[in-house]
Amino acid sequence: MYFLLIIFWSVIVTDARRRHPTFYANKDLQYYWNETYANVTLDHFSYTNGQQFPLRFLYNLTYWKPGGPIFYYLGNEAPITTFASATGIMWDLAPLFNASIIFAEHRYYGQSYPWGINDTFRSIQNLGYLSSIQALGDFAELIPLVKNFMNCSQDTPVIVFGGSYGGMLAVWFRMKYPTITAGAWAASAPVLLFKNGGPSLGAYFNITSRTFLKSGCNETAIRAAFQAIDNYSTNSSGIATLNQIFKVNTSSPLTTKEDVENFLKPYIREAFESLAELDYPYPANFLAPLPKWPVREACKYLSKDSDSDFDRATHLFNAISVYYGNKTACVRSDKCPDAGFWADLAWSWQECTEIIIEKCALGPPNDFFWSYCNESTVLSMMKENCQKIFNNTGYNTTMLREDGVEK
Ligand SMILES: *[C@@H]1O[C@H](CO)[C@@H](O)[C@H](O)[C@H]1NC(C)=O
Ligand SMILES: *[C@@H]1O[C@H](CO)[C@@H](O)[C@H](O)[C@H]1NC(C)=O
Ligand SMILES: *[C@@H]1O[C@H](CO)[C@@H](O)[C@H](O)[C@H]1NC(C)=O
Ligand SMILES: *[C@@H]1O[C@H](CO)[C@@H](O)[C@H](O)[C@H]1NC(C)=O
Ligand SMILES: *[C@@H]1O[C@H](CO)[C@@H](O)[C@H](O)[C@H]1NC(C)=O
Ligand SMILES: *[C@@H]1O[C@H](CO)[C@@H](O)[C@H](O)[C@H]1NC(C)=O
Ligand SMILES: *[C@@H]1O[C@H](CO)[C@@H](O)[C@H](O)[C@H]1NC(C)=O
Ligand SMILES: *[C@@H]1O[C@H](CO)[C@@H](O)[C@H](O)[C@H]1NC(C)=O
Ligand SMILES: *[C@@H]1O[C@H](CO)[C@@H](O)[C@H](O)[C@H]1NC(C)=O
Ligand SMILES: *[C@@H]1O[C@H](CO)[C@@H](O)[C@H](O)[C@H]1NC(C)=O
Ligand SMILES: *[C@@H]1O[C@H](CO)[C@@H](O)[C@H](O)[C@H]1NC(C)=O
Ligand SMILES: *[C@@H]1O[C@H](CO)[C@@H](O)[C@H](O)[C@H]1NC(C)=O
């Protein structure tokens, strides 16, 4: 879902696919809503700052009958319309429960910027109010406003929903605001994917690899394809071949081995991550239009090794095209930032302060990727990237709190 960053394509970016710019509304199941705004408090934790800003929410009251609950989605790190299109469960269940449907946007995403698009991200003074706890404060403050808006009783029960980071928010909301929530539905919420949470550093890529190897991919073929990329990256004619095979935007081509390392390889890895996360048994349109079992589709190109590096790289391109499409691509995220730029930047801020997810590909025997960090480098690489991304805002790495979620 959008996962973020000029330079943010780099190693830290734990969640790049979430930040991927192109969000598609579900074409097969079209949902309809209206949108409006309500003023919420900028700083929920001081008594001295009364500043407010307009937070967007979407509503559909078609199925609602007095006495029915409010189904209340807690938005995550992208425009809220993304999640309204992708969260079919709320639309499926609402008629059965006479429920109203509300999707609330997360502050600093979509249309909910405290200082408009040009100033919100300018300085740490403004960025400092972007955190999960402030967002939960917004969602809490919004509930009575939504009830007024609906003209329903303030006793109307609220069920919160969320997926991914939004699922974490749903869990945390129920914990922190139990008196105003009757229930929480958290889907695919990696609530334990933090320091001391349990999963090992390599767990994510171990499972990602397993998904591919159980879907028709051959490990030898995949590793040879990665090796072919490395082979090509050693000289300029090889890099030109990579630009051609991967249909890299000709206005911002890869030119050095470092470009291959910093942009093309993360771009390839991101496709593997996203395909595994989006490996639904039915066609879907979240983040990208995908067929059912998309990993199986990708593995059709990686089921056996080839004789030449050209074929290996081409097969790899074909495999990731299941996710990106078979078309010209912006691989150099520093040179051709796209529509997802601001959401990516906002998510990077969260990843550089509070949402610290440490994960690395470690290579065999843990996974089939190339190793790009380990226990002793993961945090320092993250900090280095954060400093680069936010250097001109006044950021420094004391603001990155490794235990921000735990404590
Ligand atoms: C609410 O959603 C349902 C299902 O998508 C749709 O039929 C209805 O027209 C929507 N109502 C409004 C006001 O958009
Ligand atoms: C909702 O949006 C539709 C289409 O834009 C519009 O016709 C309708 O009047 C809106 N309803 C409300 C309650 O604003
Ligand atoms: C938010 O507050 C401002 C300033 O008081 C006001 O002009 C605006 O209409 C309010 N917006 C909403 C959506 O209530
Ligand atoms: C929904 O409303 C209908 C009509 O008012 C009612 O018969 C039904 O029992 C309600 N459903 C639920 C789950 O409360
Ligand atoms: C933001 O800045 C750009 C370029 O300076 C300007 O064109 C645009 O109108 C500004 N947008 C807002 C909402 O102020
Ligand atoms: C709530 O009541 C007001 C005043 O009667 C009315 O204008 C508004 O349309 C109602 N809102 C809804 C969502 O029915
Ligand atoms: C996952 O890691 C275990 C060891 O921890 C290893 O035995 C297994 O092969 C790995 N799975 C994949 C798909 O690489
Ligand atoms: C993968 O391919 C290699 C060489 O092409 C072959 O030796 C190996 O048996 C294959 N692995 C599986 C699990 O089929
Ligand atoms: C990579 O280059 C080496 C050395 O030239 C070569 O032996 C190998 O076949 C090439 N391809 C792969 C996939 O290893
Ligand atoms: C991608 O498009 C090219 C033509 O632009 C075509 O030759 C090729 O077969 C396509 N690849 C796949 C995997 O569909
Ligand atoms: C951050 O900015 C300072 C002062 O402008 C500069 O000296 C430093 O090199 C920059 N650091 C990075 C990582 O860009
Ligand atoms: C980093 O920021 C903190 C908090 O603003 C400040 O106390 C500290 O002096 C800064 N450190 C550096 C090296 O700039």
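Predicted model: local features only at pLDDT ≥ 70, side-chain atom pairs only at ≥ 80, totals over all residues.
Residues are numbered from 1 along each chain as its sequence is written, chains are lettered from A and ligands numbered from 1 in the order in which they are written, and side-chain values use heavy atoms, with hydrogens and water left out.

The residues around ligand 6 are Leu61, Phe149 and Asn151, where a residue counts as near if one of its heavy atoms lies within 4 Å of the molecule. Taken alone, ligand 6 exposes 360 Å², of which the protein buries 30%; accessible areas come from the Shrake-Rupley method with a 1.4 Å probe, and for residues only the protein chains shown count as cover.

Ligand 9 is surrounded by Ala224, Gln227, Asn231, Asp309 and Arg312. On its own, ligand 9 has 350 Å² of accessible area, and the protein covers 42% of it. Helix H8 (219-232) and helix H12 (309-324) are the elements that give two or more residues to this shell, and H8 provides the largest share, three residues; helices here are DSSP runs (H or I, at least four residues), numbered from the N terminus.

The side-chain contacts of both ligands are set out below.

| Ligand atom | Side chain | Distance |
|---|---|---|
| Ligand 6, oxygen | asparagine 151, N or O atom | 2.3 Å |
| Ligand 9, oxygen | asparagine 231, N or O atom | 2.4 Å |
| Ligand 9, nitrogen | aspartate 309, polar atom | 2.9 Å |

The second largest pocket has a volume of about 620 Å³, a pocket being an open set of points on a 1 Å grid over the protein atoms alone, where a 1.4 Å probe fits, with protein on both sides within 12 Å along at least five of seven lines, and lining residues having an atom within 4 Å of a point. Of its 21 lining residues, the closest to the centre are Ser131, Ile133, Glu354, Arg401 and Gly404. The lining draws at least three residues from each of domain 1 (13-187) and domain 3 (341-395), with bounds from an automatic or database domain assignment.

Methods. Polar contact = N/O pair within 3.5 Å; in protein donor to acceptor, adjacent residues only side chain to side chain. Points joined across faces, edges and corners; volume = space filled by probe spheres on them.
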